[in-house]
Amino acid sequence: MMAAVSVFPSQAELGAALARSVAEAAAQAVASSGRFTLGLSGGSLVALLARELPPALRAVPGAEPSRWLLALCDERLVPLEDPDSTEGAYRSQLLSQLPPPGPQLLGVSLGLAPAEAAKDYEERLRQAFPGSEIPQFDLLLLGVGPDGHTCSLFPGHALLQEQNSLISPVLDSPKPPARRVTMTLPLINSSRSVLIVATGDSKAPVIKGKLGILDWDKLE
Ligand SMILES: O=C(O)[C@H](O)[C@@H](O)[C@H](O)[C@H](O)COP(=O)(O)O
């Protein structure tokens, strides 16, 4: 697997480059397979994409959001109208800006207990990728917390060892709200590509630690 690190002087520049990469990946996937499958994370990514993606889509021919299947890399088990809902945030901030018919968004069913919600979400994800043993997303966009968590996979948590489920419930997220569902490593590691997006000073120590092989100062 190839890995590359890009450092941007500002969030605005990062956002524009990220949106361009997403739109270009979409155009490529739509041209080769007729659809683009994209996993979305919450946090600051929502506002970044809401600001930068619509103009990037207008600039990249063939990106065709109506051919996108969106899914959530993790979700907090709160009602859609709760400010903590990742699906609610994407619907109100990003999807509302895209001309109809917009992308299909596969969200987590609410009103179920966490274990049932995870099982139901995994089943619907599998159905959306018929013929694959493990769904293979074209691209996952992942955030990083200052503690190094991504999706709702927290450092030291037993879920990091999960080998069987593709989606797991979380009942004890150290970052509220506690009840969530999350993609697990087997699903994340099956995707064709992953973009890990980290902005802000609070992430620097953990990112520098993970990328200890790099001479960070040369990446200014
Ligand atoms: O529910 C969550 O905790 C988020 O989905 C989480 O995984 C997020 O992506 C990171 O914490 C980064 O968040 P920021 O981009 O807001 O720093």
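Predicted model: local features only at pLDDT ≥ 70, side-chain atom pairs only at ≥ 80, totals over all residues.
**Entry: cis peptides**

I checked omega at Pro-101. The bond joining Pro-100 and Pro-101 is cis, with omega about -5°. I then went to Pro-176 and Pro-177. Their peptide bond is also cis, and omega is near -5°. Pro-177 sits in the loop between β6 (167–170) and β7 (180–183). I noted the background: most peptide bonds are trans, and most residues other than glycine have a negative phi.

**Entry: positive phi**

I looked up phi next. Glu-64 is not a glycine, yet its phi is positive, near 40°. I placed Glu-64 in the loop between α2 and β2. Is Glu-64 buried or partly exposed? I read 19 C-beta neighbours inside 10 Å, so Glu-64 counts as partly exposed; burial would take 20 or more.

Cys-151 also has a positive phi, near 50°. I found Cys-151 in the loop between β5 (139–143) and β6. Cys-151 is buried, because 26 other C-beta atoms lie within 10 Å.

**Entry: α1 against α2**

I turned to the helices. At what angle do α1 and α2 pack? Helix α1 (residues 11–33) packs on α2 at about 55°, and the axes are 8 Å apart. That angle makes α1 oblique to α2. I recorded the crossing of the two as right-handed.

I listed the contact residues. From α1 they are Gly-15, Ala-16, Leu-18, Ala-19, Arg-20, Val-22 and Ala-23. From α2 they are Leu-48, Leu-49, Arg-51, Glu-52, Leu-53, Ala-56 and Leu-57. I sorted this contact by class: ten nonpolar residues, one polar and three charged. I kept the helical repeat in mind: with 3.6 residues a turn, residues three or four places apart point the same way.

**Entry: α2 against α3**

I moved on to the pair α2 and α3. Their angle is about 15°, with the axes 10 Å apart. That makes α2 roughly parallel to α3. This crossing, of α2 and α3, is right-handed. On the α2 side I found Val-46, Ala-47 and Ala-50; on the α3 side, Ala-89, Tyr-90 and Gln-93. By class, the contact of α2 with α3 has five nonpolar residues, one polar and no charged.

**Entry: what covers α3**

Which residues of α3 are buried? In this helix (residues 86–93) I noted Thr-86, Glu-87, Gly-88, Ala-89 and Tyr-90. I then looked for their cover. It includes β1 (36–40), α2 (45–59), β2 (68–72), β3 (74–76) and β4 (104–106).

**Entry: Glu-75**

I picked Glu-75, in strand β3. Glu-75 counts as buried, because it has 30 C-beta neighbours inside 10 Å. What does Glu-75 touch, not counting residues up to four places away in sequence? I found Thr-86, Glu-87, Val-108, Arg-180 and Val-181. Two of these contacts, Thr-86 and Glu-87, are among the buried residues of α3. I also checked Thr-184: C-alpha to C-alpha, Glu-75 and Thr-184 are 13 Å apart in space, and 109 residues apart in sequence.

**Entry: the ligand shell**

Which of the 14 residues around the ligand come nearest? I noted Gly-42, Gly-43, Ser-44, Gly-143 and Gly-145. By class, the shell has three nonpolar residues, eight polar and three charged.

Terms used
Residues numbered from 1 in each chain as written. Near = placed C-beta within 6 Å. Nonpolar A, V, L, I, M, F, W, Y, C, P; charged D, E, K, R; others polar. Buried ≥ 20, exposed ≤ 12 C-beta atoms within 10 Å, placed from the backbone. Helix = DSSP H or I, 4+ residues; strand = E, 2+ residues; numbered from the N terminus. Contact = placed C-beta atoms within 7 Å. Axes fitted to C-alpha atoms, helices over the stretch in contact; angles between N-to-C directions. Parallel < 35°, antiparallel > 145°, perpendicular 65-115°, else oblique. Left-handed = near helix turned anticlockwise from the far one by under 90°.
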